[in-house]
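I opened the structure today and kept short notes on what I looked up. They are in the order in which I went through the chain.

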Amino acid sequence: MKKKYNKRYITEVVADNVEFLGSKGTSGTGTSTNVNAFNDIMEKQYAALRELIENLVGRKMQTPRDFDFLALYIWGTLHTHISPTTLKRFWGYLPSSTDATPRISTLDILASLAGYKRWSHYLEQ
């Protein structure tokens with residue numbers, strides 16, 4: 001059975017991970033440093049996934065047409081819809097709010113495209 005997670009649960013899990021990072025000797029002190037360290041780790045994971053997908057489709061995501069192409073490629077491969085605008089935000093082509101993180105559903109689709117069952121399996125690699 002697929003588990004559904006609410007925002008509070010996810011926030012608690014992230015807080016636990018940030019606390020764990022702090023206990024493992026991240027530089028500096030205080031929660032904001034730990035949150036920054038966690039965000040840096042996640043951004044590296046996102047960047048690696050972006051590069052993996054670009055290599056898979058044989059195309060750098062640099063123009064609106066590239067994102068339209070990728071959305072169609074995902075539809076043709078996975079029969080799942082993802083908006084070109086969502087892809088643009090994930091690639092940083094469009095600005096998003098400073099506290100915005102990709103939805104798990106978006107990450108699951110992109111991880112599936114890269115050959116993983118879902119985002120959590122990608123992170124376990």
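This is a predicted model: local features need pLDDT of at least 70, side-chain atom pairs count only at pLDDT 80 or more; totals for chains, interfaces and linings use all residues.

Entry 1: I began with the loop between α3 (64-78) and α4 (84-91), where I found His79. I noted its backbone first: His79 is not a glycine, yet its phi is positive, at about 55 degrees. Is His79 buried or exposed? I looked up its relative accessibility, which is 58%, so His79 counts as exposed; the cut-off for that is over 50%.

**Entry 2: helix α4.** I started at the N-terminal end of α4, which is capped by Ser83. I found a side-chain oxygen of Ser83 3.0 Å from the backbone nitrogen of Thr85. Which residues of α4 are buried? I listed Leu87, Lys88, Phe90 and Trp91. I then looked down the axis of α4: these buried residues fall within an arc of 165 degrees, so they line one face of the helix. Just after α4 I came to Gly92, which has a positive phi of about 80 degrees.

**Entry 3: helix α5.** I moved on to α5, residues 104-113. How many of its 10 residues are buried? I wrote down seven, so α5 is largely enclosed by the rest of the structure. The buried residues are Thr106, Leu107, Asp108, Ile109, Leu110, Ala111 and Leu113.

How values were computed
Residues are numbered from 1 along each chain as its sequence is written. Side-chain values use heavy atoms; hydrogens and water are left out. Helices (H or I, at least four residues) and strands (E, at least two) are DSSP runs, numbered from the N terminus. Buried means under 20% relative accessible area, exposed over 50%, partly exposed in between (1.4 Å probe, protein chains only). The arc is that of the directions from the helix axis to the C-beta atoms. A polar contact is a pair of N or O atoms within 3.5 Å; within protein, one must be able to donate a hydrogen and the other to accept it, and residues adjacent in sequence count only if both atoms are side-chain atoms.
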